[in-house]
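Student: I would like to learn how to read features from a model. Can we work through one together?

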Amino acid sequence: MSRTKFRLSLTRSLAQNRLRLRHALGDAVLLQRPGAQLGGDLFPHVGAHHGGADDREDPTTPHPGRWWRREFGSFLRGGETEVCGGLVETPLILWRSRNGRHPNGLANASGALGRHWAAHTQSWVFVLKPGVQRKSFHQKTFAINAFYGGAQGSDRPMGVIQAAGNIEPIGMSRRYRYFASALMRHSFQTFVMSEALPTATTGFALADDGAKVIGEPIRNGKTFAELRRKAIEIFRAAGYLVFAPSIEQNYHSTGTARMGRDAATSVVNADCKSHDVDGLFVVDSSVLPTSGALNSGLTIAAVALRAGERARLPG
């Protein structure tokens, strides 16, 4: 397939457009994107998308109500609102919706909204073979999970070693672009990835004019370095030269409206339903308490679909 089966389109414009349309949600006020309809049509252009050969509609393009109804219409009942804005936008929407009964924002009685930012720490490992990608091919075909819970001689959890999708040096400065292009043609691209941990102080300070980072997810430096060494050893033992630059980046951010059993430390329950505002659901990456073992895209889609199923149940 040329397109992934599940896609999640998360809009970054929600935080920038100074949302001012209001929708009464019980005793609260929810800010919405201009032009969005209410109820089942809220945020019609975002959500978990099942794409197929006969489905050519672009989920990133607003088509008021049409796309959202097709995927989730049967799940929704009157009086319910699903918010799907992403890591920063969802907390901002809920914060800006505060009122007398919810002075710290909707679903924020715990004070956890915007906090507990989690992510993956990732670094590239290039397995070198002359000319292997002169004609590029799909290479995201395997992952090594043997070290996720630790390795021989170490009881520390590490992470995964995974084949990457094809990389292109798009947007890279000319200083590095030619070297990067040559590296892509003569390597099989893999990466190592471990969890960067959330705390109550990793996340964002929320304000009406945006969100300010107060702390990034905590990286496990020693275990991540050990995982990188394991990857290098494996590929060298297979007879390859390896280039593994010591560049680390965070990806797959989650957690800023995290789910949990304890309403004192979380925003939503296991069904993505707000602990303190009845009928309010959050269905995006922000509900995941950690980034987990692998890329979080399919998990986000699955959680959103599950929340839709639960939302249609009585009570």
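Student: Which residues does Arg258 touch, not counting residues up to four places away in sequence?

Tutor: Contact means heavy atoms within 4.5 Å. By that rule Arg258 touches His116, Thr265, Ser266, Val267, Val268, Ser286, Val287 and Pro289. Keep the source in mind: this is a predicted model, where local features need pLDDT of at least 70, side-chain atom pairs count only at pLDDT 80 or more, and totals for chains, interfaces and linings use all residues. Residues are numbered from 1 along each chain as its sequence is written, and side-chain values use heavy atoms, with hydrogens and water left out.

Student: Where is Arg258 found?

Tutor: Helices (H or I, at least four residues) and strands (E, at least two) are DSSP runs, numbered from the N terminus. Arg258 sits in the loop between strand 13 (249-254) and strand 14 (280-282).

Student: Which backbone oxygen does the Arg258 side chain reach?

Tutor: That of Thr265, at 3.2 Å.

Student: What is the phi of His116?

Tutor: Most residues other than glycine have a negative phi. His116 has a positive value, near 60 degrees. His116 is in the loop between helix 2 and strand 6, and counts as buried at 12% relative accessibility. Ala107 also lies in the loop between helix 2 (89-96) and strand 6. Ala107 is not a glycine, yet its phi is positive, about 60 degrees. Its relative accessible area is 0%.

Student: How far apart are the end C-alpha atoms of helix 4?

Tutor: The expected span is 1.5 Å times one less than the number of residues. Helix 4 (residues 221-237) has 17 residues, so it should span 24 Å; its end C-alpha atoms are 24 Å apart, which agrees.

Student: Which residues of helix 4 are buried?

Tutor: An α-helix has 3.6 residues a turn, so residues three or four places apart point the same way. In helix 4 the buried residues are Thr223, Phe224, Glu226, Leu227, Arg228, Ala231, Ile232 and Phe235. Their cover includes strand 6 (118-128), strand 8 (160-163), strand 9 (187-196) and strand 12 (241-243).

Key. Polar contact = N/O pair within 3.5 Å; in protein donor to acceptor, adjacent residues only side chain to side chain. Buried < 20%, exposed > 50% of the residue type's maximum accessible area, 1.4 Å probe, protein only.
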